[in-house]
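Here are some notes for a colleague who is opening this model for the first time. The points below can be read beside the structure.

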Amino acid sequence: MRAVQSQVPGRGPLPVVGEADLDGKFVVTVMELSGEDGLLGCIQCGTCTGSCQLSSWMDYTPRRIVDMVRKGLAREVLASRAIWYCASCYYCTVRCPRGIKLTEVLYALKSLALARGYAEPGAPAPAFYRTFFEVVGRYGRLYEPGLMIGVALRSGFGRLFRLAPLGLGMLRRGKMALLPERVRAVDEVRALMERVSRGLVRR
Amino acid sequence: MSEVRIAVYVCHCGTNIADKVDVAGVREFARRLPGVEVARDYQYMCADPGQELLRSDIRERGINRVVVASCSPRMHEATFRQVLESAGLNGYLFEMANIREHCSWVTEESELATHKARALVAAAVKRVRFHAPLEERYVEVNQKALVVGGGIAGIEAALKIARAGKKVWLVERGPSIGGKMAGLDKTFPTLDCSACILTPKMVEAAQHPKITLLSYSEVEGVDGYVGNFQVTVRRKARYVREEDCTGCGTCYQKCPKKVPSEFDGGLSHRKAIYVPFPQAVPNVPVIDRSNCIRFQTGRCGACEKFCPRDAVDFEQEDEFLTLEVGAVIVATGYETFQPQEAPQWGWGRYENVLTARQLERLVNASGPTGGKVLLRRDGEFTDEVPKSVAVLHCIGSRDENYYPYCSRLCCMASLKLAHLIREKTGAQVYSFYIDIRSAGKGYEEFYTRVQAEGIQFIRGKGAEVLERDGQLYVHAEDTLLGAYREVPVDMVVLSTAVTPAPGAERVAQIFGIQRGQDGFFLESHPKLEPLKTATEGIYIVGCCQGPKDIPDSVAQGAGGAAEVLSLLTAGRVQISPVVAEIDAEACSGCKVCVPLCPYSAIKYDEERGACGVNEALCKGCGTCVASCPSGALSCRHFTDEQIYAQIEEVSSL
Amino acid sequence: MRRYWYYPGCSGHASARDYQRSVALISPALGLDLVEVEDWNCCGTTAMTSVEPRLSVVLSARNLALAEEAGGRADLVVTCNSCYAILRRAQEQYARRREVRAEVDEALAGIGRRYSGTVRVRHLLEVLVRDVGLDALRERVRRPLSGLRLAPYYGCLLGRPRNDFEDPEEPLSMDRLLEATGATVVRFDRKSKCCGGALITTHEEAALELVREVLSEAAAREARAVVTACPMCQFNLDAYQAKVNAAFGTRLRLPVLYFSQVLGLSLGFGASELGLGQRFVPVGGVGKL
């Protein structure tokens, strides 16, 4: 809970939705990818937003994201800041009065944003997710120094310097291995990733 | 018997059937079936000209079996049976083929639908050949009635029956009648005082010469059948003799043991000997045994010592009564969702988070604060008035995690409470809602009025109540602004869902009432038979059937009384001849069927060494027939011969 | 000794080695034989699930298949809440969604493995509370932690999304376990709030607010330490506490321990063998009980 700044949306000209801009198939894509077919039953009560500890950081509230998906505002949803603020805490999912698994929907939206190139390359969350993917592809497990350096390469070295003290602190406390652990059958892991990701994230 | 001469009628049902099914084709198909003398198709078989077709064919063409291919037998079987009777033919020499619900409405392709219609008609034609005439019988109806549940719906029903001159037993589980309405302060949308309009009815019910009030009593079992029920009632020991008590109140003034008051939602205390509220009817205390010092330790006995009438009786025991009645009205009411199972709304965690029912007690002049809305601290009321209050709608309602249905009355109740809080405290009141459902006479007008009073309406469900530094915050989205809000308030009121009453399952079992998915009692038809149940002679009124406000509960109470009175006044009731019968010779007396019968219609006869069916109780469901290992049981109108003929035919096409 | 397959997760071999050490110490003492699954891989966690929702399902499926192949009792014990939720999600999707099941079967077949759905994923906390039992734990306590005020922090993924172990809003298992050690468990309304662990590297500013939110209540309730059941939560609350203090001007100084370490103390193990030294906010007096 933070002191919520007054940042009521709607500065600037009113949005006008042109019917031609609406992607009628978007909701179907999202439902298929997320396995959440209850999206059409949302009653727009805002329980998701009210339960979300990150709502105040978002450009669109989670409730609004759901309605935008339903109405086919694909570009606006995939280019939004909101989807990258989901911390996967699952409060919206367990509290939704219509049983919509919104966390799963958010996974799907992030994935679509990456695959369709909406996520800016230097933006922190996409960079982090892409690097994570590569590190696990290389070692089969997470290797924190690799992750840190990879993220820095993607989003600028300023970041590496900011992360350095933490990394050193971890080393000193025996919380970080200098050398990576590698799964012996790392080929198996790579094969699994190849098959499911279908090259989605390699751009 | 003479030669079988069958008439087949294929109904168009306007376009309902004819649009999908080639009715002329089905008719021609039927004409060639063995035994068929006449085959016709017609627009509406249920209409007068359609019925007339049947009648004239029976009279003029010597028809002695009839098949109508139309809708569900639930709709019109009785109609056509009467037509047969009016033409001098027994109504059971008739069979209906359902080519609407089972066929035209549910089949995509016309050709397939026609094929299925042919199969269903052929099966009916084959079956009707084996039908035998059956005679309907009548039994006398006992002229007394029982009403179970003394809330406003039950009271209304009992009064209406009694005023018509019929004897009524009114059984109430708690120590007083009055139900949930007795705990309310004002009623929407007119804001008249709940107690002022309820108590006269309570008193009339208690004093009416035709009503016997059995409070602190529960129905334990029901035997018999429509018109002739035997009902066992347990009169729980009150430990106070009703006939001696004057209601002076000395006993509970002297009682040293304090217990949280159920009536006040735990916001005040009652004694171990108590009346639940000052206007209780009957005004006779009960001793709550589990909290009584005398019962628990053997000491005390203050109430007995000080009672000026010697009405306290620790030796009293439960008594059992058997009532003979012709009809029963069940009006066992509802409960509200207890939000301790949903900690996100803070009830039980923060003492200034109250349920709507608790707040009703606060705003009530006879409540724990004398009608003041006050904040609590460390379990006690302070004299501090809240400066801001949030009313949260839909807590537990419209929510798949709790109760998926809309509780219907809480929008208006919440508006009313918002108004009362504002009026009494001048506080800033926030109303967190999903939709305002104000469908009812004068309801939308009331909403308009409350809006004008300056209540802050936030369209967004209160998602969570959290305390920080001693301040409560309601977290929600203001969906109309598209903004996340954390609204600081001093008090939160939760408008909790209307739920089935505790014990509804047992009541349903005792009276043979079905329950819907939501746990409320199921009416026999959602539109046309809202008060009847699956068991004839048992009616349901009020919130036991589903959430209702006071006007609707009262209307249903009166409607239930009309059902009872029409049954009692008719004096006799028809019994269906479609029942199971036992071939006593073949019965081995194994009794497998006895516990299986859902209507307790089968009894074992020791002398004959065989089971017997009570035809008045039997519904002809066939469970026993299927279970009988020696094949001694059969069901009239559903004999093996008839069913096999139908199955063979329907599966041969 | 009861035997279980054990999945330490990536952090178990890195940032949460102290957690691992304490688990390795207390398990045999409580009659548990935890055998690490051979050659396990990363479960996929939130990051991979966000790249492709099914990715963590197939990655987890390999781990489940490994546990199944290893045979015997098919309980797979995890100590990380994120692994717990992700592995359970994989199981749930495998069981419920036909298309996912087909994809997983096919992908596993491609690497010469198969999974038939028999593994039960369980958190160590559940094993302790249910299989060992609170009474047995109480009996083994040699050094009751009387007077130690602890705030049990469950985080998101022990009870959410719904599972058959914990309540999504008001989890209680760790409360009971800590009570069994003789400690005093403080009321903690934010015990299942999110600490922002998944966002700390990407949206630090936002995540720090969530860390502050959790720790502030623990401090206000006068807890001496916060106890977690997850390496992500532990690291986030511990390593970023200084940053929270810097950002918000707070003076938080709450050691963040694992429940296994607290339990270990009560069973009589020493602070250093339980790895209590390996943290950013020193345990101070808590370890010297």
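1. The charged end of Arg173(A) is placed over the ring of Phe280(C), 4.1 Å from the ring centre. In chain B, Lys167(B) lies over the face of Trp169(B), with 4.8 Å to the ring centre. A charge sits over a ring if NZ of Lys or CZ of Arg is within 6 Å of the ring centre and within 35 degrees of the ring normal.

2. This is a predicted model, in which local features need pLDDT of at least 70 and side-chain atom pairs count only at pLDDT 80 or more, while totals for chains, interfaces and linings use all residues. Residues are numbered from 1 along each chain as its sequence is written, chains are lettered from A and ligands numbered from 1 in the order in which they are written, and side-chain values use heavy atoms, with hydrogens and water left out.

3. Chain C and chain A bury about 6,000 Å² between them, and carbon and sulfur atoms give 59% of that area. Buried area is the accessible area (1.4 Å probe) that two parts lose on being put together, summed over both. The contact (heavy atoms within 4.5 Å) involves 67 residues of chain C and 61 residues of chain A. The rule finds 7 salt bridges across this interface; a salt bridge is a side-chain nitrogen of Lys or Arg within 4 Å of a carboxyl oxygen of Asp or Glu. Arg95(A) forms a salt bridge with Glu169(C), with the closest N and O atoms 2.6 Å apart.

4. Between chain C and chain B, 9 residues of chain C are in contact with 9 residues of chain B. The area buried there is about 880 Å², with 32% of it on carbon and sulfur atoms. Which residues of chain C lose the most area to chain B? They are Glu169(C), Asp189(C) and Arg190(C), together 44% of what that side buries. The count of salt bridges between chain C and chain B is 4.

5. Asp189(C) and Arg349(B) meet through their side chains in a salt bridge of 3.7 Å, N to O. Glu213(C) forms a salt bridge with Arg468(B), where the closest N and O atoms are 3.6 Å apart. This pair joins two chains, because Glu213(C) lies in helix α9 (residues 204-220) of chain C and Arg468(B) in strand β26 (residues 464-468) of chain B. Helices (H or I, at least four residues) and strands (E, at least two) are DSSP runs, numbered from the N terminus. A network of salt bridges links Arg349(B), Arg468(B), Glu170(C), Arg187(C), Asp189(C), Arg190(C), Glu213(C), Glu217(C) and Arg221(C).

6. Glu213(C) counts as buried, at 5% relative accessibility. Buried means under 20% relative accessible area, exposed over 50%, and partly exposed in between (1.4 Å probe, protein chains only).

7. The domain assignment (bounds from an automatic or database domain assignment) divides chain C into domain 1 (2-123) and domain 2 (133-288). The contact between them takes 20 residues from domain 1 of chain C and 27 residues from domain 2 of chain C. These domains of chain C bury about 2,100 Å² between them, 66% of it from carbon and sulfur atoms. Across their interface the rule finds 2 salt bridges.

8. Also in chain C, Arg279(C) and Asp18(C) meet in a salt bridge of 3.2 Å, N to O. Arg279(C) is buried, with a relative accessible area of 3%, and Asp18(C) is buried at 1%.

9. Where is Cys45(A) placed? Cys45(A) is in the loop between α1 (26-34) and α2 (47-51) of chain A, and at 5% relative accessibility Cys45(A) counts as buried. Leaving aside neighbours within four places in sequence, the contacts of Cys45(A) include Pro97(A), Ile434(B) and Arg459(B).

10. Over all chains the structure holds 25 aromatic pairs. Rings of Phe, Tyr and Trp (its six-membered ring) pair if their centres lie within 6.5 Å; planes under 30 degrees apart count as stacked, over 60 as edge-to-face and the rest as tilted. Phe263(B) and Phe277(B) are stacked, 4.5 Å centre to centre with 15° between the planes. Ring pairs also link Phe337(B), Trp345(B), Tyr402(B), Tyr403(B), Tyr405(B) and Phe520(B) into a cluster.
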